[in-house]
Structure formats: C-alpha cells, structure tokens
Amino acid sequence: MNDKAYLENCIKRAYAINKKFFGFDIDYKIKLVYSREEFNKEWKLDTPEWMCAFANNGCITIFAPSVFEKLTVHKLKNYESTIIHELNHLFFQKLVGTYKPIWLQEGLAMNVEEMSKKGRTYKYKGGPNNKFLFYTYNEEQFFKSSKEYYMNSYLATKKLLTDIGRIKVIRLLKKYSIKPTKENYIKLFKQALDG
C-alpha cells in the first residue's frame, strides 16, 4: 500500500467536509507514525490501542494506513473518518484559539464525522450526562471514563446542533474565542445547553 497516496485521497475529502462546516481554511501538517512506541513518544505518554490519532498545534499525528489495522483496534475503512475527526479538531482550535471545552471539540468532531456520510455512525441514545462534559483535559479522567466522555460529548453536541443549528453554534464559538475562559464558556454555553 502506498501510504502517501492513500492519505492524500482521504485528506482531500476530509478537508472539504470540514471547510464546508466551518466556512474557512486552515494550514495543517500530517505526521505518519509506524509504531506504537513512536506514537507514544509524540503523545508523551503510553496510549491504549483504541487511540489511533490526535491533533495538536496544527498537526495530526496518525498511524500510517499500512499499519493502521495492525497497531490499533480500528479497521482501515475508518481511516478517512478518523482524518475527518482529527481535522475537525484543528478547525475548532483555529476558530476558538484553544481546545477547550474539550467535550464540544470532541462532540463536534464526532457529529461532523457522522454527518459526512463517510464517517462512523454513532448509535448513542438519550440525553447527555453533564458530569462527563469535561471543560479541560485531565489524562487520568480521560482514560478512566473515555467511553462515557465520548458518548456524552457526542450527545450534548448533537442536542446543541439540533436545538440551535450549525450557524449559531459557530457564532457561539466565535464569541467565546474573544475570551476563551471557563467563566465566559459558562456564561455563553449554559443557556444554550439548558435551552
């Protein structure tokens, strides 16, 4: 398999999906890794097998297509949806200037991935449990309750997108980006979440 050609094909579509959602362009880099040790070195900690990519500082670090199934629990058919997801994080970070609130960053990535028809379909039902809507990142909290965190991030974001729509969510993020603090986040998003 030609990793570079496969990746470029996925990126072209994934980028277009995210640009359409956010309405602007970004600069980004992709770093392919070929071992879990190399991935852990980039993350700076040991990672579980379900973790196959991450986005930070304008760069996506992801297992190369040729080793994706061997070194993660994911199938190669999910490679493009993973790229959609991680690019979404970079668009979010460009718009907001931070990765916080992490539940919304994650929830948007999952919902855009699902809306794209190229991504995974999440079968989560019910309302979100606010206990798992983490504002910031905590390594122990993240790995200990990752299933609940992802599910509730997805559900809360889906509710927000359904209740107020994509354009108003982006407007909220732009307002938040002027002063991306926890206090401003609470002020702007509490009403939207409770509405």
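This is a predicted model: local features need pLDDT of at least 70, side-chain atom pairs count only at pLDDT 80 or more; totals for chains, interfaces and linings use all residues.

Start by selecting methionine 110: buried, with a relative accessible area of 2%. Here buried means under 20% relative accessible area, exposed means over 50%, and partly exposed is in between (1.4 Å probe, protein chains only). Methionine 110 sits in helix H5, residues 102-115. Helices (H or I, at least four residues) and strands (E, at least two) are DSSP runs, numbered from the N terminus.

Residues are numbered from 1 along each chain as its sequence is written, and side-chain values use heavy atoms, leaving out hydrogens and water.

Next, go to proline 101, in the loop between H4 and H5. The peptide bond joining lysine 100 to proline 101 is cis, with omega about 0 degrees.

Now for some rings. The whole structure has 22 aromatic pairs; rings of Phe, Tyr and Trp (its six-membered ring) pair if their centres lie within 6.5 Å, and planes under 30 degrees apart count as stacked, over 60 as edge-to-face and the rest as tilted. Pick phenylalanine 21 and phenylalanine 22: their ring centres are 5.1 Å apart and the planes are at 75 degrees, so this pair is edge-to-face. Phenylalanine 22 belongs to helix H1 (residues 3-22) and phenylalanine 91 to helix H4 (residues 79-96), so the pair ties together parts 69 residues apart in sequence. Both phenylalanine 22 and phenylalanine 91 are buried. To see the cluster linked by ring pairs, select Tyr15, Phe21, Phe22, Phe24, Tyr28 and Phe91.

Where does lysine 44 lie? Look in the loop between helix H2 (36-43) and strand S2 (53-56). Lysine 44 has a positive phi, near 80 degrees, though the residue isn't glycine. At 68% relative accessibility, lysine 44 counts as exposed.

Last stop: asparagine 57, in the loop between S2 and strand S3 (59-63). Phi is positive for asparagine 57 too, near 50 degrees, and asparagine 57 is exposed, with a relative accessible area of 70%.
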